[in-house]
Amino acid sequence: FVAGLEVLRDKPCITTDETRVSLWVNTGLMTDVARSLDRGAEGVGLYRTEVPFMIRERFPSEKEQQEIYREQLQAFAPFPVTMRTLDIGGDKALSYFPIKEDNPFLGWRGIRVTLDHPEIFLVQVRAMIKASLGLNNLRIMLPMVCNVAEVEEALHLIHRAHGEVVSEGMDVKLPPVGVMIEVPAAVYLVRDFARRVDFLSIGTNDLTQYLLAVDRNNPRVAELYHSFHPAVLAALGSIVRDAHAEGAAVSICGEMAGDPAAAVLLVAMGYDVLSMNATNLPRIKWVLRNISAQWARELLEKVVTMDNAFVIQSTMELEMRKAG
Ligand code: PEP
Ligand code: MG
C-alpha cells in the first residue's frame, strides 16, 4: 500500500472538494530530516529538542546548541521549523540532570523545569534565535503550559533572549511563539493563550493521557488509552473552535495526526496542519487526497453522537473501508 506512494511527494495534500491540509513532520535527530523531505513534508510541527540533549553526557553549550539547531533550520528552509523548548521530566530523562519523584507525569516537567532554571531556557532560546539568522523559519513552542502566568513569564524570557542576541550585533527577527495544548487546564484556556501567542499546537499524546488519567506508557492500562474516546474528541473540537474564534492558527503534533481515521476526523473538525512521524506522511496524504471534507464532516457528525471509543474506531474503519 505504501509502496508507490513516493509519486505523491510533490503533490499537494488536498481533499477532493479542495480543502488544503498541510502535512508537517515531528523530528528529533538529523536522521529524521532527509526522510521527512523525501516524503514531501512542508514544515516541522515539532522538533523535540530534548533528543539531542538525551544523547549527550552533559548539557550542550549555547554554541553546540546553535549548531544543532542551525542544521535543522537550514535543512528545512524555507519551510517553518517549530522548535519546542526543552521538555524533560515525565518520561524524558537526562542522565546528567536526574529528577526523582513519585508522580513524574504530575511533577516537574516541561516548562516548569525551564522556568525554574531560566539559565537553561535563556541559553536554549538564544541558541535557537542565533541559529535562525538569515533563515527566518524558526518558531518556538512551549511544552506543558497550564496557566497564563507561565506563558507570560516564558514570553518575557524569549524577548529578553532576543534582545541579548540583537545587542550582540545580530540582525535577527523575533520568531513566532506558540504553546502546546496538552493538559486539560489548557483546553479551557485556549482563548486566553491565543490572545498572547502566535500559534497553538495540540500534543494529543499527553492530552489523551491527562484527560483520561491513563499513563501513556503503562501496558496494564493501555486498553484505556484511546484517542477516539468521546471526551478526547470533544476536547479537540472545542480547542479548534476556540482557537479559530480568536483567529489563531492551531495544529496537531501528537501521534494521532498520523493515524488515517483520526486524520479524517481532525480535518472534519477544521484542523489544517497535521504534524506526524515522517513514516506516516505519505499514507495520510493518500487518504486525504481521496476523500472529501464534506464526507469527513458527515462522518464526524455521526461519531460524535457515539459514547464509546471502540465503537467510534470500528465505525471509522468500516466507513473508510467502504470509501475505498
Ligand atoms: C504530545 O504530548 O502529544 C507530544 C507531541 O509531545 P511528546 O510526545 O513529546 O510528549
Ligand atoms: Mg507532550
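**Strands, core and ligand shell**

Modeller: Strand 5 (residues 177-181) and strand 6 run parallel and are joined by 4 bridges. Please keep in mind that this is a predicted model.

Biologist: Which residue of strand 6 is the bridge partner of G178?

Modeller: G178 has F199 as its bridge partner in strand 6.

Biologist: And in what sense do strand 6 and strand 7 pair?

Modeller: They pair in the parallel sense, over 4 bridges, with strand 7 covering residues 249-252. Within that pairing, V250 of strand 7 stands opposite L200.

Biologist: Are the residues on the two faces of strand 6 buried or exposed?

Modeller: Both faces are covered. F199 and S201 on one side are buried, and so are L200 and I202 on the other.

Biologist: Turning to the core, how many residues does the largest nonpolar core have?

Modeller: That core has 88 residues. Those with the most contacts inside it are V179, L200, L266, V267 and L274.

Biologist: Which element gives the largest share of this core?

Modeller: Helix 11, residues 260-269, gives the largest share, with 9 residues. As a general point, nonpolar side chains tend to be buried together in soluble globular proteins.

Biologist: What does L274 touch, leaving aside residues up to four places away in sequence?

Modeller: L274 touches V21, L23, S251, I252, A257, A263, L266 and I284.

Biologist: Now the ligand. Which residues surround ligand 1?

Modeller: The surrounding residues are L46, R48, D87, E182, G203, T204, N205, D206, C253 and G254. Strand 2 (44-48) and helix 9 (204-212) are the elements that give two or more residues to this shell. The largest share, 3 residues, comes from helix 9.

Biologist: What share of the residues is buried?

Modeller: Buried residues make up 44% of the 324 residues. As for contacts between residues at least 6 apart in sequence, 68% join residues at least 24 apart.

Key: Residues are numbered from 1 along each chain as its sequence is written. Chains are lettered from A and ligands numbered from 1 in the order in which they are written. This is a predicted model: local features need pLDDT of at least 70, side-chain atom pairs count only at pLDDT 80 or more; totals for chains, interfaces and linings use all residues. A nonpolar core is a set of buried Ala, Val, Leu, Ile, Met, Phe, Trp, Tyr and Cys residues joined through C-beta atoms within 7 Å. A residue is buried if 20 or more other C-beta atoms lie within 10 Å of its own, exposed if 12 or fewer, and partly exposed in between; C-beta atoms are placed from the backbone. Two residues are in contact if their C-beta atoms, placed from the backbone, lie within 7 Å. Two strands pair if DSSP finds at least two bridges between them. A residue is near a molecule or strand if its C-beta atom, placed from the backbone, lies within 6 Å of it.
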